[in-house]
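Reader: I would like a close look at one part of this model, the cavities and what lines them. Please keep it plain and give the cut-offs as you go.

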Amino acid sequence: MHGDERRGKVLLERLLAGVPEGESPLTHTTTVPDRTAATTDWPAWAPEVLTSALQRSGVPRPWRHQTRAAELAHAGRHVALATGTASGKSLAYQLPVLAGLLDDRRATALYLSPTKALGADQLRAVADLGIDGVRAASYDGDTPLAERDWVRAHARWVFTNPDMLHHGVLAQHGRWARFLRRLRYVVVDECHAYRGVFGSHVAMVLRRLHRIAARYGAAPTVLCASATVAEPAASASRLSGVDCVAVTEDGSPRGQRTVALWEPPLLDELTGENGAPVRRSAGAEAARILADLVVEGARTLVFVRSRRGAELTALGAQRSLSDVDGSLASRVAAYRAGYLPEERRALERALDNGELLGVASTNALELGVDIAGLDAVVVAGYPGTRASFWQQAGRAGRAGEGALVVFVARDDPLDTYLVHHGEALLGTAVEATVLDPTNPYVLRPQLSCAAAELPLTDACVDELGGQAARAVVEDLVEDGALRRRSTGWFWTSPRQRPHSDVDIRGSGGAQVAVVEADTARMLGTVDPGSATSTVHPGALYLHRGEPFVVDELDLDAGVALVHAEDPEWHTQTRSTTDITVVSTVESRRAGGIGVALGEVEVTSQVVGYLRRLPSGQVLDAVALDLPASTLRTRAVWYTVSEELLTAAGLGPAGVSGALHAAEHAAIGLLPLVATCDRSDIGGVSTALHVDTGEPTVFVHDGHPGGAGFADRGHAALLSWLHATRDAIAACECRTGCPSCVQSPKCGNGNEPLDKPGAVIVLDVVLHALRPR
């Protein structure tokens, strides 16, 4: 083995140097082998002017997967390209699109990305090729009004995002007739980012695009570019509304990577809620690792979950380095939101040329930014999906050189499970993207927009959602929003289009504006469903890492007034929650255990909040008088007969705490089987539920109508609950802690919780449901 190939192993050995035996934070290591490049000739149909431009940009020959995807798209097949980070997916769609634009000087193309920054990067890459006549242009929220007119009239390759496609193109498609009539290609970049409610809205926006394009006589070919995901063809087809062919065999070169799973130590001097043990935070541990890697001269990127966390991690590393070598501290920076394109390019160059050795960034940097071939990547906290983990890890390693990837666990059940079950993170196929375009809470606003664009016909209602869409159309007719005529359904208010009222990134309803009272500056918005828990009076609110305290929340006006303040405390809400079963979609029973999937109504009310110090100490409790909110959504639940629990040694006094602990851990582990974040879901447990008549644990989606997460949990129930049981049992604490059964958003102050009782409950459930 060459010395460079051992780089990752050597760096890991240096990180562990001096750690006493028996105290190693390392729980698992593995080696991902290197991969040599597999190249091909340029496609025969690619014009010489295009291949020459690509060669001048540094691509002597395309990799195999680039050519395969380009050939399929050129032949008119819809494509789902799912390969690793830095595998050149951009060239795979640049080839057919640019060839098509050069072949037909009136043809047009559309590029969609989930972020404006990524779209700007891809537009710049096309412009840098210097090919005449392409007329590529940006069309997003930052595009000046005068320039938008030019884009509509003259641009041939438009770079935008789903929001602007919805608001600016489809809503006024008549003004885009020239562009839509000749639309030949639609590129959907980073399509794995479209999941949950946002993904469901985008899926409907793309179906509306196909419908409008057909109205103008166009049938564009779709190219979906994605990180490595399970079932890429099915996921891309579900998103785009057309049948896609998958290209997954990666021909790009990759260096050997050493992957290490790392659990921060427990802190003897600190205890958390109810006396629970506390681990060193993932951010603090990542800062220490970053400092050690910078001392070794390793170019390192740290991914942290929040903007403030990224800044604190960089600051912590700088402080540590100042004690070793003052000149090294200046070679670490935080990559935060709001950077200008020039600043981002400067950062990329500084990392590439070694001027910067360490950067701490939020997860947003994983999307399409040109930083790769690093010596080390540190992932501080599970990024939500295995696809995202591998995309972040993919920034490490140049061809022929080894690199290190360190996953540092946060103090929560899922991270704890993953560092102790390495195969669940490293040896398991990545997830399929979860989205549900037939969610009635998505269909209603989307069908309203579609009808306002063009009258709905029987055929297009079937294409836009089948039976579920028909039911929503009937409701819209009953409400007077649509009128049925012999030729279809018509929007009844042609002068008042519904598009502006539809937030495709949210769950519907007018957003609550967060406004700085002294300056009237709007800092941001929050979803109305979460306003009482995030911007209640007295809440600590963070905006781009800057702290504010909420003075007043006016739900009727949709405004939360705040003032700048940086207190030593943070806030944690207290709430009450009730859940009612509306309907059951699927159910089964086995040996005293019931499992069901269905529609539920969740009623919750924030009744107060605690002010806590970073140590976990409670300063005071403040009561609040806020209205209750109701959410109709999807849930998965299981019931356990009292007889089974008693037989297993769990008496009536312990049932509530055992179910509560099992519920918390199940919420924490659901992202293992569904592409969701813990904040996307909620749960309720009760020793006797009025609708089931038995002890019951519910886990529900946090979005109106559901986002597919509860359905995924129901489909993967056994593996999900096995992982939940193992995470609780493996935790070294005695009575429960944030790594197993405590929840940071528990409305009951994590009381009562019975950790051993949760293991008993799950053992009983799994025993009854095990395949026989």
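Author: Helix H10 (residues 232-240) gives the largest share of the lining of the largest cavity, four residues. Helices (H or I, at least four residues) and strands (E, at least two) are DSSP runs, numbered from the N terminus. This is a predicted model, in which local features need pLDDT of at least 70 and side-chain atom pairs count only at pLDDT 80 or more, while totals for chains, interfaces and linings use all residues. Residues are numbered from 1 along each chain as its sequence is written, and side-chain values use heavy atoms, with hydrogens and water left out.

Besides H10, strand S2 (78-82) and strand S7 (221-226) each supply at least two residues of that lining. The lining of the largest cavity has 14 residues, and Cys191, His192, Ser235, Ala236 and Thr433 lie nearest the centre. A cavity here is a set of points, on a 1 Å grid over the protein atoms alone, where a 1.4 Å probe fits but cannot get out; lining residues have an atom within 4 Å of a point. The volume of the largest cavity is about 90 Å³, a volume being the space filled by probe spheres set on the points, with grid points joined across faces, edges and corners. By class, 10 of its lining residues are nonpolar, four are polar and none is charged. Ala, Val, Leu, Ile, Met, Phe, Trp, Tyr, Cys and Pro count as nonpolar, Asp, Glu, Lys and Arg as charged, and the others, Gly among them, as polar.

H10 also packs against helix H9 (residues 196-215), at an angle of about 65° and with the axes 7 Å apart. Axes are lines fitted to C-alpha atoms, for helices over the stretch in contact, and angles run from 0 to 180 degrees between N-to-C directions. H9 and H10 are therefore roughly perpendicular, the word used for 65 to 115 degrees. On the H10 side, the contact (heavy atoms within 4.5 Å) is made by Ser237, Arg238, Leu239 and Ser240. The H9 side consists of Gly199, Val202, Ala203, Leu206, Arg207 and His210. This contact has four nonpolar, four polar and two charged residues.

The whole structure holds four cavities of 30 Å³ or more. Residues lining the second largest cavity include Lys116, Asp140 and Phe159. By class, that lining has two nonpolar, six polar and two charged residues.

Conventions. Angles under 35 degrees count as roughly parallel, over 145 as roughly antiparallel, 65 to 115 as roughly perpendicular and the rest as oblique. On a 1 Å grid over the protein atoms alone, a cavity is a set of points where a 1.4 Å probe fits but cannot get out, and a pocket is an open set with protein on both sides within 12 Å along at least five of seven lines; lining residues have an atom within 4 Å of a point.
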